[in-house]
Amino acid sequence: MIDYYESYNGQREINWKDQLGDDLNWALSFDQYKEAETTKHVHRLHPYKGKFIPQLVEYFLDDHTDNFKTEIYFEKGDIVLDPFSGSGTTMVQACELGMNAIGIDVSAFNSLIGNCKITEYDLTDVQKETNRITQALKVFLTNSHTIEFETKLLQELYDFNNKYFPVPDYKYRLRQGEIDEKKYGAEKEKEFLLTYNSLVKQYNIKLRQDKAGNFLDKWYSQHVREEIEFAFDEIKKIKNTNTKKIISIILSRTIRSCRATTHADLATLFEPVTSTYYCAKHGKICKPLFSILKWWETYSKDTIKRISQFNKLRTQTFQFCLTGDSRTINIIEELKKKNPAFSEIAESKKIKGIFSSPPYVGLIDYHEQHAYAYDLFGFTRKDELEIGALFKGKGKIAQESYVKGISDVLNNCKTFLVDDYDIFLVANDKNGLYPKIAEKSGMKIVNQFKRPVLNRTEKDKGAYSEIIFHLKSK
């Protein structure tokens with residue numbers, strides 16, 4: 001015990017409890033898990049802002065008690081509902097734990113991500129089709145100067161960076177205050193631009209598209225856009241529907257990594273970057289991407305590996321994510337259209353409860369984070385139906401709208417639940433809205449679990465917590 005409290009995590013627990021309160025449940029920090037475990041198997045098939053880690057879902061769904069948990073809320077064979085399904089974490093973990101799960105999401109693309117994670121695939125067919133598209137893409141690239149240009153550019157960058165940003169000497173001198181990073185970086189950025197512009201002209205590289213009407217027009221160079229359209233045309237030729245969907249997800253993941261932005265701005269886009277730039281993250285001159293090939297190959301292999309890992313853990317249970325508004329959707333009727341066998345079980349057995357992380361007030365625009373996918377796949381956007389969207393703000397009116405939205409969801413969903421249901425909602429309720437939500441939903445908060453959130457993707461690494469509200473019928 002002494003060794004723990006003298007360790008990094010032990011000191012962090014003490015510091016965070018000082019800042020956030022002694023009611024912080026450190027057992028729910030899951031600090032014992034490495035990043036590879038919190039993004040295990042299919043959970044990392046596609047980037048998604050605002051998702052919770054699978055270990056949190058496991059803790060509340062698992063039907064085995066442990067040293068930290070004394071109650072069992074769900075059992076194998078139960079049906080769990082997630083009315084804000086997002087990237088499908090609850091469905092995936094339900095499948096792993098031998099439970100059935102229904103997801104609902106207003107975003108068509110979110111539903112695609114979630115359903116792709118829990119689908120069983122013919123992996124031989126997936127491998128065959130990704131290989132075919134990879135070879136076709138390589139042939140397509142031989143007809144352009146992109147690879148030639150990028151190879152030459154990388155060599156020039158290598159020589160330049162070794163000369164002016166030597167490792168580890170450069171970063172050591174930065175720490176010692178011997179170099180003004182902002183001034184020095186700007187000078188060398190400007191110096192290398194002469195070489196860069198010369199190569200762009202030599203290889204006739206078109207940096208911007210002629211129009212900037214949508215996300216794909218604005219955030220991708222002409223050459224990258226042409227590769228995206230080529231790969232998507234090849235995907236359309238795939239006959240197996242499940243294979244086509246998962247390879248579409250591979251392409252979406254690929255093009256997200258190929259946006260014309262700096263390494264420091266991947267999470268929050270500002271303006272397209274079409275030239276080399278000084279990168280404070282890597283301490284050298286970096287470049288935008290000019291081809292999707294590298295990421296396409298990387299993500300194709302990674303996706304097949306992750307699906308294979310999940311296949312060893314999955315159970316023969318039902319999971320499906322419906323696309324719709326959780327405030328009004330008739331879950332059983334919609335499920336009948338998509339999975340009749342599952343709908344029969346759901347109708348007769350009813351849903352045991354909910355585990356979900358509703359959107360936070362004014363934090364994320366869930367459609368906009370995947371704008372590239374909506375442009376490419378042609379899905380209809382339903383931004384106006386998002387609850388708590390960033391574009392709606394965080395003021396009093398936004399908060400009132402949020403309370404109504406979440407309570408409307410709960411009131412609709414509880415008509416499909418068993419009488420003695422258990423609902424768990426993960427939220428950072430700094431505005432104290434959830435007691436009002438419970439009241440408007442005819443429910444009571446029977447418990448609260450305050451957990452530290454250790455591995456946030458945001459740049460702010462300060463002490464941060466969220467609450468898991470346990471609600472039951474009044």
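**Helices, sheet and spaces in a predicted model**

The model is a predicted one, in which local features need pLDDT of at least 70 and side-chain atom pairs count only at pLDDT 80 or more, while totals for chains, interfaces and linings use all residues. Residues are numbered from 1 along each chain as its sequence is written, and side-chain values use heavy atoms, with hydrogens and water left out. Helices (H or I, at least four residues) and strands (E, at least two) are DSSP runs, numbered from the N terminus.

Two packed helices are described by the angle between their axes and the distance between the axes. For helix 15 and helix 16 (residues 340-349), the angle is about 155 degrees and the axes are 6 Å apart. Here axes are lines fitted to C-alpha atoms, for helices over the stretch in contact, and angles run from 0 to 180 degrees between N-to-C directions. On the helix 15 side, the contact (heavy atoms within 4.5 Å) is made by Ile-332, Leu-335, Lys-336 and Lys-338, and helix 16 brings Pro-340, Phe-342, Ser-343, Ala-346 and Glu-347. Sorted by class, that gives five nonpolar, one polar and three charged residues. The classes go like this: Ala, Val, Leu, Ile, Met, Phe, Trp, Tyr, Cys and Pro are nonpolar, Asp, Glu, Lys and Arg are charged, and the others, Gly among them, are polar.

Next come helix 12 (residues 222-235) and helix 13 (residues 241-257), whose axes come within 10 Å and cross at roughly 170 degrees. That makes helix 12 roughly antiparallel to helix 13. Ile-228, Ala-231, Phe-232 and Ile-235 in helix 12 meet Lys-244, Ile-247, Ser-248, Leu-251 and Ile-255 in helix 13. By class, this contact has seven nonpolar, one polar and one charged residues.

On to the sheet, which is open and has seven strands in the order 5-2-1-6-7-9-8, with mixed pairing. Strands pair if DSSP finds at least two bridges between them. Strand 5 and strand 8 (443-452) sit at the edges, each pairing on one side only. Direction ignored, neighbouring strands are turned by 20 degrees against each other on average. Strand 7 (residues 417-427) and strand 9 (residues 465-473) run antiparallel and are joined by five bridges, and Phe-424 stands opposite His-470 in strand 9. Helix 5 (residues 89-97) lies across strand 1 (79-82), strand 2 (100-105), strand 5 and strand 6 (351-356), at about 160 degrees to strand 5. Helix 6 packs on the sheet too, touching strand 2 and strand 5, and its direction makes about 170 degrees with that of strand 5.

A pocket is an open set of points with protein on both sides within 12 Å along at least five of seven lines, a cavity is a set where a 1.4 Å probe fits but cannot get out, and lining residues have an atom within 4 Å of a point. Grid points are joined across faces, edges and corners, and a volume is the space filled by probe spheres set on the points. The second largest pocket holds about 570 Å³ of space. It is lined by 26 residues, and Asn-115, Thr-119, Lys-245, Phe-320 and Cys-321 are the closest to its centre. Helix 6 gives the largest share of that lining, six residues. The largest cavity has a volume of about 60 Å³, and its lining divides into seven nonpolar, two polar and no charged residues.

Finally, most residues other than glycine have a negative phi, and most peptide bonds are trans. The peptide bond from Val-167 to Pro-168 is cis, with omega near 0 degrees. His-41 has a positive phi, near 30 degrees.

Key. Angles under 35 degrees count as roughly parallel, over 145 as roughly antiparallel, 65 to 115 as roughly perpendicular and the rest as oblique. On a 1 Å grid over the protein atoms alone, a cavity is a set of points where a 1.4 Å probe fits but cannot get out, and a pocket is an open set with protein on both sides within 12 Å along at least five of seven lines; lining residues have an atom within 4 Å of a point.
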